[in-house]
Amino acid sequence: CCVKAGDLKNTWNPDTGETGVADADSISEADTILDAEKKGVVKNARRPNVKANEPNLDFIIDGLPPYKYADVKTQIKPVYNSITEQMQKIITKIRVYEKDVLGIIDLKNLNALEQIEAMKVIDGATDLTNIAVLNK
């Protein structure tokens, strides 16, 4: 009945620069997109087939219109860049996507204080139309 994280972990084509082997990032992306499915943010997430000219984004989705694709962004502990700097970079990156791409920001790796800092940046953004935030 349902897609499992193992089905989404990494089916990327090696021609795109991906290894074809599940790693921590691809597993985290799969867990996030499954969480987004459970919360009704997206439906039927699957990895793209770039050989079939599908875009090199994290997932193809059946989302709420106009979204056809999703790109997952997850913060890490602020070792090199502050949470604020990471969030600003993520939002800037999402802003350049086409309007049919949903940027999914997952705060799952942050503690409560870091999540508050991240949400201040998100709440301060002028346009959140193609951003979904999980685990806030």
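Predicted model: local features only at pLDDT ≥ 70, side-chain atom pairs only at ≥ 80, totals over all residues.
Okay, let's start with the overall layout. We have four strands forming an open sheet, in the order 1-2-3-4, and the pairing is mixed. At the edges sit strand 1, residues 59–60, and strand 4, and each of those pairs on one side only.

So where does the mix come from? Let's go pair by pair. Strand 1 and strand 2 run antiparallel, with two bridges joining them.

Next pair along. Strand 2, residues 69–74, runs parallel to strand 3, and here six bridges hold the two together. Ala70 turns up again, with Leu102 as its bridge partner in strand 3. To get from strand 2 to strand 3, the chain passes through helix 3, residues 83–95, and that β-α-β crossover is right-handed. Tyr69 is bridged too, and its partner in strand 3 is Val101.

Then the last pair. Strand 3 and strand 4 are also parallel, joined by four bridges. Asp106 is one to look at here: its bridge partner in strand 4 is Leu134. The chain goes from strand 3 to strand 4 by way of helix 4, again in a right-handed β-α-β crossover.

Now, how covered up are these strands? Strand 2 has five of its six residues buried, so the rest of the structure largely encloses it. For strand 3, residues 101–106, six of six are buried. And that goes for both faces: Val101, Gly103 and Ile105 are buried on one side, and Leu102, Ile104 and Asp106 are buried on the other. There's a helix to point out as well. Helix 2, residues 24–38, lies across strands 1, 2, 3 and 4, and runs at about 120° to strand 2.

Alright, on to the two loop residues. Asn130 is in the loop between helix 4, residues 112–124, and strand 4, residues 131–134. Is Asn130 buried or exposed? It counts as buried, because its relative accessibility is 2%. What does it touch, leaving aside residues up to four places away in sequence? The list is Tyr67, Ile94, Arg95, Tyr97, Glu98, Val101, Leu102 and Gly103. With Val101 there's a polar detail: a polar atom of the Asn130 side chain lies 3.3 Å from the backbone oxygen of Val101.

The other one is Lys68, which sits in the loop between strand 1 and strand 2. Lys68 is partly exposed, with a relative accessible area of 48%. Again leaving out residues up to four places away in sequence, Lys68 touches Phe59, Ile60, Ile61 and Asp100. One more pair for your viewer: Lys68 and Lys99 are 31 residues apart in sequence, and their C-alpha atoms are 9.2 Å apart in space.

Definitions and conventions:
Residues numbered from 1 in each chain as written. Heavy atoms only, no water. Buried < 20%, exposed > 50% of the residue type's maximum accessible area, 1.4 Å probe, protein only. Polar contact = N/O pair within 3.5 Å; in protein donor to acceptor, adjacent residues only side chain to side chain. Contact = heavy atoms within 4.5 Å. Pairing = 2+ DSSP bridges. Right-handed = clockwise from strand over helix to strand, strands pointing away. Axes fitted to C-alpha atoms, helices over the stretch in contact; angles between N-to-C directions.
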